[in-house]
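The questions ask what stands behind each label.

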Amino acid sequence: MNEQALSVRDAIITRRSIKNFNGQPVDPENIAEILEDAAWAPNHGNRNPWRFVVAADKGYVKFLDILREYGVPKWKELSEEELEKQMKKFTGPGAVSFVIVPEDPRQKERLEDYAAASMFVQNTMLLAWDKGIGTCWKTPGFLDNPKFREELGVKPGERIISMLQFGYYDERPKARPRKPLEEFVTYYGEEIEEA
Ligand SMILES: Cc1cc2nc3c(=O)[nH]c(=O)nc-3n(C[C@H](O)[C@H](O)[C@H](O)COP(=O)(O)O)c2cc1C
């Protein structure tokens, strides 16, 4: 079993989405370990409604070509300088993975599967955080581009729900405060008890 440094609570409340990675590569073995553990996410019917395409190491370098193709509009018309600037958005993370979920024709099952895969992603983010690896769930428009999907081997009836970036960072971003508890929780039956 992997050693865990953070308590579950500390992992949850200290995790931040990392938007400024420092470019240090992430070892694919680290990602494999994280995904193996994250797969203990709850999921209805044990359908395991997820699969991942990971681009790390040489795969990540190769991958930048298709990111340029689909992620930078009209990249062929840009100056080298401008292209480099645009590509900086993608080159920071040390690895990236695509979270692919089946699109069940039944609405209930489809929602359950999306929910389960999202839990998988949160597990992934917390386990990565515990190893000092930052993550960010990204949903750029090109995830639905048919040619991009084809490049990744995404089949009809599947959807890429996340481009999940992994990487090291120099600074932990400030927390984006959440609404206070009183604003999002009410207690059922409270008024009846008080009456
Ligand atoms: C479903 C989902 C989609 C997201 N898409 C993006 C995105 O496209 N670009 C981005 O910069 N952050 C994206 N995020 C990250 C959020 O911006 C981030 O979680 C939010 O700012 C709160 O910051 P924190 O995670 O550090 O608490 C996404 C998060 C979720 C859960």
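Q: How far from an oxygen atom of the ligand is a polar side-chain atom of Lys 19, and how far is one of Lys 138?
A: For Lys 19 the distance is 2.9 Å. For Lys 138 it is 3.5 Å.

Q: What kind of model is this, and how are its residues numbered?
A: The model is predicted: local features need pLDDT of at least 70, side-chain atom pairs count only at pLDDT 80 or more, and totals for chains, interfaces and linings use all residues. Residues are numbered from 1 along each chain as its sequence is written, and side-chain values use heavy atoms, with hydrogens and water left out.

Q: Which residues are around the ligand?
A: Among them are Arg 15, Arg 16, Ser 17, Cys 136, Trp 137 and Arg 176. To be near, a residue needs a heavy atom within 4 Å of the molecule.

Q: Why is Leu 6 called partly exposed?
A: Its relative accessibility is 25%. Buried means under 20% relative accessible area, exposed over 50%, and partly exposed in between (1.4 Å probe, protein chains only). Leu 6 is therefore partly exposed.

Q: What does Leu 6 touch, leaving aside its neighbours within four places in sequence?
A: Leu 6 is in contact with Ala 11, Thr 14, Trp 129 and Asp 130. Contact means heavy atoms within 4.5 Å.

Q: What makes a set of residues a nonpolar core?
A: The members are buried Ala, Val, Leu, Ile, Met, Phe, Trp, Tyr and Cys residues, joined through side-chain atoms within 4.5 Å. The largest such core here has 23 residues. Val 26, Ile 31, Phe 120, Ile 133 and Phe 166 touch the most other members. Six residues, the largest share, come from α5. Helices (H or I, at least four residues) and strands (E, at least two) are DSSP runs, numbered from the N terminus.

How values were computed. A polar contact is a pair of N or O atoms within 3.5 Å; within protein, one must be able to donate a hydrogen and the other to accept it, and residues adjacent in sequence count only if both atoms are side-chain atoms.
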